[in-house]
Amino acid sequence: MISILNNPKNNIIAVIIVEIITLSISFSADYSGAGMLAVILKWIPALIGITTLILYFVSRLLIKKYNWIVTIIGIISMFIAAYNLYITDFSQTV
């Protein structure tokens, strides 16, 4: 089980798939009233995904065993960010 979790191919594919899912969630949110900020907010899950991949590659160089923890934390962070963007009502922001 741990060898499947620690496989770099599985971790990279998982991050990319979750990034696509969370981007579709964040792009479907209603950004009416956010203006130029909406352009930046839509890409927050992608930035978290890219950061997760960079941290994964760095941890892969330094530590050989528990790299899958970085992937799990990144996946959870992307879902939290996409969910918060989706439920936020941007029409009431100033």
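The following dialogue concerns Ser59 and helix α4 in a predicted model.

Local features here require pLDDT of at least 70 and side-chain atom pairs pLDDT 80 or more, while totals for chains, interfaces and linings use all residues. Residues are numbered from 1 along each chain as its sequence is written, and side-chain values use heavy atoms, without hydrogens and water.

Visitor: In which helix is the place of Ser59?
Guide: Helices are DSSP runs of H or I with at least four residues, numbered from the N terminus. The protein chain has five helices and zero strands. Ser59 lies within residues 44–62, which form helix α4.

Visitor: Is Ser59 buried or exposed?
Guide: Buried means under 20% relative accessible area and exposed over 50%, with a 1.4 Å probe and protein chains only. Because its relative accessibility is 12%, Ser59 counts as buried.

Visitor: Which residue does the side chain of Ser59 join through a polar contact?
Guide: A contact means heavy atoms within 4.5 Å; leaving out residues up to four places away in sequence, Ser59 touches Asn67 and Val70. A polar contact is a pair of N or O atoms within 3.5 Å, where one must be able to donate a hydrogen and the other to accept it, and residues adjacent in sequence count only if both atoms are side-chain atoms. At 3.2 Å, the side chain of Ser59 has such a polar contact with that of Asn67.

Visitor: Against which helices do the buried residues of α4 pack?
Guide: The buried residues of α4 include Leu53, Tyr56 and Ser59. Leu47, Leu61 and Leu62, on the other side of α4, are exposed. The buried residues pack against α2 (8–27), α3 (37–42) and α5 (68–87).

Conventions:
Helices (H or I, at least four residues) and strands (E, at least two) are DSSP runs, numbered from the N terminus.
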